[in-house]
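Please examine the sequence and the structure shown here before reading on.

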Amino acid sequence: MQAIHQLLAILLCFIASCLALIAQNNPDELFEEALCLGENKKDIPLAIDVLKKAVTEYEQTENWEEIASCYNEISINYIKTKKYKEVIDFCAMALEQLEQASFKNNVDIANIYFNQGIAYRRLEKYVESLEAYKEALNIYQEQDYFDDWVALTYRNAAFNCSRLLNYKLQLEYLNIPLQRGYKGKYAVSLYNSLASRYNYMEKEEKAWNTYQKALAISKSKKDTALLNATGAGILLKDKKYDEALKLIEYSNVYYKENKPTYLPDSYKITADIYAQKGAINRALSFYNKALELTQQNKKNKNRSLASLYVHIGGFYEQNNKTSEALQQYQKALIQVIPNFNSENTSDNPSLASLHPESYIMTAAARKADLLSQLYQEKKEVNYLKDAAYCYQVSLEATRLIKQTYGADEAKEYLGAYNYKTVEKNIQCHYDLYQLTNDNEYLETAFENIERSKANVLTEAINKNKTAIFTNVPDSLMGRERTLRVDIADAKKSLQIHQYSMAPQDTQRIKKLESQLSNFEQSYDYLLHHLKKEYPKFEKSLHQFDVPKLNFIQNSLLKDQQTLLEYFWGEKHLYAVSINKFKTKIHQIAIDSILIDLLNQFFAYFENAGRSMKNNPLGYEETAYQLYKKIYAPFVESANTSVLIIPDGPLNFIPFDALITQTYKRNNPQEFAYLLHQQAIHYAYSATILCQKTLVKSNVNKNLMAVAPIFKKKERNLATLEHSKEELNKIKQSLGTLDKIIAEEATLAKFKKQASAYKIIHLSTHANASVDTSDPPPHIEFFDQALYLPELYAMQLPANLVVLSACQTGLGKIQKGEGAMSLARGFSYAGVGALLSSLWSVNHKSSTDLVQLFYQNLASGASQAQALHQAKKHHIQHTSQSSYALPYYWAALVYIENQMDSKLSLNIEPTTNESIYNNACWYLILSAFLVLGAFLFRKVLT
């Protein structure tokens, strides 16, 4: 009996062992066991081992989806133990398994990207982190999935955007959950981040209102501490120091007891308050506390320390402690550049070591400012050289940051934000060139001037070429264009509603803002996808090098031609003049004399040129003084053609209307206009001129002329009777043209047909909208207006667009881009060259000029020559001497976007010309026959 019991016991043990073995080899149970172990931090290593065993078992059945789940769970455990490189590796392995299983976009994949985003963010790789979050958000959006997790993804993505100074995208990401009515656990954090950003952007009222919204829904002491820090920052901007200190003190106490890792940021705000209050020692004490805590919390190089060093550097700078400030900026650079460790302020990082990081941009610029200041004090040239190099470091970091952006507005904002640094850099290189006569400094000064011009426009023109070279599918580029159209339509609707907003339209505007945000998010993701899937596209997109001076001299310029490029800064106007033989750089102070002279000059063109007509000699003197100030010192009179790249208010000067010498004769036909000495035309940048455009198109027709006329004053627009005459005169010059007039001249018809023509002529109304109270910039068609954002979304491969309308060359000046005009919009769409107007043109004189322009084109003149000759003919042959005043002929300017953009037209003669030509041929043929008969008879004789 006892033996039987022993046998049963052995059997039971065997069965139990088998069951245990079976359980051990069940991957589902292993996965569940790992989940339980992962809840306890000390058991996380064991949980990871169990998950790896589960992977081995799942591999036996090729269950790729479950393997991916295991890898994702391993990455989550590594997040808990702060092993972020391992997180990235296992997330990549999880995505690879799902790809192998042909597993399409679902929420599980988005969650893997979210984990990847966390890891990159903790490693301070903000570009990679943002890309991972974008992948997650795109999936959430496609799946129409939204919860707290998605709100957190938006918040974290917004955090990365702020690190990259992409404030536009940051605001979009923060607003999207709130626009959906989100009130979950991260709502306070979203409102708080919004309030902080508005405060930084100096929108104090908006910041305070958003802060109050967050306070209204906050429920915990943690929320209160977070919001008090933000509120203190807003009050600090308003110089309410005591109120700010009360708020921040609460945060300091709470974080000290509950969240020590948050304490350094709270101390930094405290220090900033004391610094602005003038309590120097108290400020320094809190800066040092923040430094000490940050060094304890983070052992490796990190951005938080860089931020503190920059703040402390600014503090020392304000207190005239230059040496100490320099040291702080040097330490900041060390923290954000991996292989740069020198605390010697004479040492600088290489340009090749830089990456997209805003504190490189800021610390390098601040260091450069101090070195430049030391040069002014001590006149030691090494300080100036170091300053110039540090400015180059700052601007290169800016360029790398800008490359991470999708939206044009974000790029334009950063270009304007950094404009002062560009000017200081040009100043340093100008001074070095004057001291050393080293052409390298001249080259760099020109490069910086050129890089301050039309960056977004240059990239837009480059995009189509890049897509063709890098074999991006037409379907994707078609999607890119469709999204740009969607964005343009949404912007147009939003701008119109905002301009004519009634109180009841508020909800409509919110809806349009949300719609625009969704389109922009989709566009941003598409660009991200293109860069990811087509690395050559990403690399080539930003490869448009500034042309070297010797290339401009040897390849761009013709004999007796000058390129004159301006940079309008806060302190100085710079001009670089280049001809076939030499290059010079000039500097002029922007003082009250120059400003007054410009204002006087512009005043003569206002009110239909009445001041000019009433006082032509006054205009002659003003235009002569301006000529001597901004032109004569730079251009040799022997040069017959000058290509001008203007900047600032010079964008609106018709240079050919300047006066080269005064005769004091009260006859405008005898004025010494610059026009008589040199042919003037314009460009947005030399870089754009040197780009080869390869836009796919089917341009095969000569000219399309569009004239809505508005005979019945449709939409309250004045009738343009002169348009018919203008089109008839064009026909006389070119023989044939395709006319779209009156009610046929719709926007839809224009968009459908425009891409087939070499020349597009628009005779209509336009509005530059230089005043904020005006509607958005637009050009009118019979049924509706074409707005500037829509132009940016179009593709127009025409060689030439003639804008026979008012103010098409005017627009708001955007630093780093130029005049945001309708002419620029057509250039953005791909047009080779433009004729546009700088003010409301006189109908009769503009019609005559346009006819002469087309006659000259038909005779074989280049486009620039055709306009130049037309203006000269107008002055010499006008029936009234007052019509020789520049108001009547100088508004039209020629803007070139391509080198050698000479038109090849199929000119057909008019009916009368055909008869005449045929008669001539008959006479010639008859003469040959008579002569032949005579010779034949003579031979016979």
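The paragraphs below treat charged pairs, then aromatic rings, and lastly a charge placed over rings.

The model is a predicted one. In it, the count of salt bridges comes to 17. One of them joins the side chains of Asp238 and Lys240, with 3.3 Å from N to O. Asp238 has a relative accessibility of 45% and therefore counts as partly exposed. Lys240 is likewise partly exposed, its relative accessible area being 35%.

Another salt bridge brings together the side chains of Asp242 and Lys277, at 2.9 Å from N to O. Asp242 belongs to helix 13 (residues 241–258) and Lys277 to helix 14 (residues 263–277), so this pair ties together parts that lie 35 residues apart in sequence. Asp242 is partly exposed, with a relative accessible area of 49%; Lys277, at 39% relative accessibility, is also partly exposed.

Glu621 has a relative accessible area of 27% and is partly exposed. Salt bridges also form a network, which links Glu725, Lys729 and Asp848.

The aromatic side chains come next. The structure holds 40 aromatic pairs. Among them is the tilted pair of Tyr154 and Tyr173, whose centres are 5.9 Å apart and whose planes make an angle of 50°. This pair links distant parts of the chain, 19 residues apart, since Tyr154 lies in helix 8 (residues 148–163) and Tyr173 in helix 9 (residues 167–179).

Trp839 and Tyr887 form a stacked pair, at 6.3 Å centre to centre with 15° between the planes. The two residues are 48 apart in the chain: Trp839 occupies the loop between strand 15 (833–837) and helix 37 (843–858), and Tyr887 the loop between helix 38 (863–877) and strand 16 (892–896). Trp839 counts as buried at 9% relative accessibility, as does Tyr887 at 8%. Both belong to a cluster linked by ring pairs, whose members include Phe601, Tyr619 and Tyr883.

Finally, Lys289 lies over the face of two rings. The ring centre of Phe286 is at 4.6 Å from Lys289, and that of Tyr267 at 5.7 Å.

Key
Residues numbered from 1 in each chain as written. Predicted model: local features only at pLDDT ≥ 70, side-chain atom pairs only at ≥ 80, totals over all residues. Heavy atoms only, no water. Salt bridge = Lys/Arg side-chain N within 4 Å of Asp/Glu carboxyl O. Buried < 20%, exposed > 50% of the residue type's maximum accessible area, 1.4 Å probe, protein only. Helix = DSSP H or I, 4+ residues; strand = E, 2+ residues; numbered from the N terminus. Phe/Tyr/Trp six-rings, centres within 6.5 Å; stacked < 30°, edge-to-face > 60°. Lys NZ or Arg CZ within 6 Å of the ring centre and 35° of its normal.
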